[in-house]
Amino acid sequence: MYAISYLELNICCLIIMMLILHKQVRGLDKRLTSQTFTELIVSAMVYIFLDMIYGLQQNAVIHLPVTVSKIVNVMMFVSLYSLTHLVFAFMECELGRTWVEDSKKRQLSLIPALILTIMTICSLKWHFFFYVDAEGIFQRGAFYGVIIPFVYIYIFLVTLRIFTMFPQKKYYALRGKLEMIFGMVVFPVIAGILQMFFTEISIICFGLTLGIIQVFTAFLTNRITMDELTQINNRTKLMQYLEGYMERHTEGEETDLHFLMIDLDDFKQINDTYGHVEGDRALIRIAGVLKKTLAGQAGILARYGGDEFCIAGEMLREEAEHLIKNLYENLEKANKQAACPYDIGMSVGCAQFTKEVRTIPDLVSSADEDMYLRKEQKRTNL
């Protein structure tokens, strides 16, 4: 009875994973977040397959040689360590942590997983976490009860960060991602704990599948509010952020919300001279500069339309001006590093949500006016 349910649940989870993987691979999203999620799905499928073999062996449906059973159990544990590390890397990508893009730092983040892998291999001799008896059946080791907390150390670190970020108003723009990440980890964590007490049925695979469905659903939703070319938020997402912010404040109340309108200088000339394909590359390039400058900061970045981009977030006027300065400096560096026959220029206008500027059209109009004023001043100073 247990064997049939174990097999059915694992096969069902594998089929769901395969369908999601197929959709994910065929997608056009090439961001590191999307690539990490694809790796995560593959890792989850490997774990579920190995868990299915384990379940059939434990329920005496198949009889593996002792050596093969040991290999299967070690691989199952190692795939779980790999899976939790990928979950950690994915969540850090979603939260905009730039260290994930650094290969050396990612290798350092693997140290806990490597330690657990070594201890798992050593368990074959010293029975730390488990051992395989003479009949090839998995048995719990002396420290099996502590392995789950160690396995979930990556997830615990990010979950702790989520709980500290969620109540803070400055992270309002990230709340959708925070909810998605929490939903992704809560099912596998609960399932992992239950699996310790109910080893006859495959609970953790069910939890993993629910978590991945949660993320994939969020990905589909994000595609509606994501600019396809630059892979940043579109105007719809920007309006949702601003509307949500204004609903949380009393009408007419002056707050520290600042809104930046960014317009590329002479963008039409780039299109006319080098073609629209090169114009698209210029937009992708400026989007990369904006994302790099805003990395780790609260707020929202969006493409407003055409060659216009927007930044909104809770910051003081001095902080907004400092951000504008950083944008210009980073763009100058990007122009020097790019092997292009032209430089990208931009003008940035700034507006604040005040008693006089209390609607979204007022905010956009005020930032527009400031942007054109600064653009005119720049031309005058040439």
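A: Start with the term. On a 1 Å grid over the protein atoms alone, a pocket is an open set of points where a 1.4 Å probe fits, with protein on both sides within 12 Å along at least five of seven lines. Lining residues have an atom within 4 Å of a point. This is a predicted model, where local features need pLDDT of at least 70 and side-chain atom pairs count only at pLDDT 80 or more, but totals for chains, interfaces and linings use all residues. Residues are numbered from 1 along each chain as its sequence is written, and side-chain values use heavy atoms, with hydrogens and water left out.

Now the lining. The largest pocket is lined by 49 residues. C93, E94, G96, K177 and N233 lie nearest its centre. Seen by element, two or more lining residues come from each of α2 (32-58), α3 (66-94), α8 (175-197), α9 (203-224), α10 (235-247), α12 (276-294) and β4 (300-305). Here helices (H or I, at least four residues) and strands (E, at least two) are DSSP runs, numbered from the N terminus. α12 gives the largest share of this lining, six residues.

Next, the volume. The largest pocket has about 1500 Å³. A volume is the space filled by probe spheres set on the points, with grid points joined across faces, edges and corners.

Last, the residue classes. The lining of the largest pocket has 23 nonpolar residues, 16 polar and ten charged. Ala, Val, Leu, Ile, Met, Phe, Trp, Tyr, Cys and Pro count as nonpolar; Asp, Glu, Lys and Arg are charged; the others, Gly among them, are polar.

For contrast, turn to the second largest pocket. About 480 Å³ of space lies there. Its lining has 21 residues.
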